[in-house]
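The model is shown below.

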Amino acid sequence: MTEHEGEDRVLLALLSDGGFHSGESLAAELGISRAAVWKRIGRLGELGLHVERRSGRGYRLEGGIELLEGERILALLPDELRARVTGVDVCGVIDSTNDVLLRALRSGKAVHGVACLAERQTSGRGRRGRNWLSPFGSNIYLSLAWRFDRGVAALDGLSLAVGVAVVRALEQCGIGGIGLKWPNDLFAGDAKFGGILIELDGELSGPMSAVIGVGLNLRMPLAEA
């Protein structure tokens, strides 16, 4: 995370409730001048976030935001799953969660069981390299690296298995009516709202590592839809 990303995240945390905060109070919390607050507010606009400014009331992040927290996510996992996940990496703005894990794999890092999430992707992609719109703090961008001892032939049904797992997880969250279109599209009614992208690295006959990417649109801004 760059210095600017760290600064922006602190400001976002203060504005995350969606309420108004005066420039004076934000400056005091951040230990900077009101002019510096204005500059950071401008950077949030560059991320595609709409911060309303109202005279006499201050700044408000329209709709609020829920930032990702790796430690909290890990703590909320059931014990059985937590034992199998070796790490949860939360990124700010990156090219894509799949690319982060693929680069780690190809550089020789041990990333089996590591999950990577991002607030925003600049080069998210779907099936056949199609662009996957990834605005800041709006949706779920998640990838998981997993090592398989068998070769690529044994992974033919992996995309379908991941899709079924995602549908079941959403149902456990009280979200019904989700359809799975083989091999990797998730639908709510007639509208696609999610997708799965699996990329492989290793020997065709095994062992093989898979980077399993899942993208779910939760509250896509109208400007991006």
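## Arginine 106 and its partner

Arginine 106 is exposed, with a relative accessible area of 56%; here buried means under 20% relative accessible area, exposed over 50%, and partly exposed in between (1.4 Å probe, protein chains only). The side chain of arginine 106 meets that of aspartate 201 in a salt bridge (3.1 Å, N to O), a term for a side-chain nitrogen of Lys or Arg within 4 Å of a carboxyl oxygen of Asp or Glu. This pair links distant parts of the chain, with arginine 106 in helix H6 and aspartate 201 in strand S8, 95 residues apart. Aspartate 201, at 23% relative accessibility, counts as partly exposed.

## Basis of the model

The model is predicted: local features need pLDDT of at least 70, side-chain atom pairs count only at pLDDT 80 or more, and totals for chains, interfaces and linings use all residues. Residues are numbered from 1 along each chain as its sequence is written, and side-chain values use heavy atoms, with hydrogens and water left out. Helices (H or I, at least four residues) and strands (E, at least two) are DSSP runs, numbered from the N terminus.

## Helix H6

Helix H6 (residues 97-106) is largely enclosed by the rest of the structure, because seven of its ten residues are buried. These are Thr97, Asn98, Asp99, Leu101, Leu102, Ala104 and Leu105.

The buried residues of H6 pack against strands S3 (87-94), S4 (114-121), S5 (140-148), S8 (191-202) and S9 (208-216), where contact means heavy atoms within 4.5 Å. After H6 comes glycine 108, whose phi is positive, near 90°.

## Helix H3

In helix H3, the buried residues include Val37, Arg40, Ile41, Arg43 and Leu44. They cover an arc of only 155° around the axis, which puts them on the same side of H3; the arc is that of the directions from the helix axis to the C-beta atoms. Ala35, Lys39 and Glu46, on the other side of H3, are exposed. Glycine 48, which follows H3, also has a positive phi, near 90°.

## Further salt bridges

The structure holds eleven salt bridges. In one of them, the side chains of glutamate 7 and arginine 43 meet at 3.0 Å, N to O. Glutamate 7 lies in helix H1 (residues 3-15) and arginine 43 in helix H3, so the pair ties together parts that are 36 residues apart in sequence. Both glutamate 7 and arginine 43 are buried. A network of salt bridges links Glu7, Asp8, Arg40 and Arg43.
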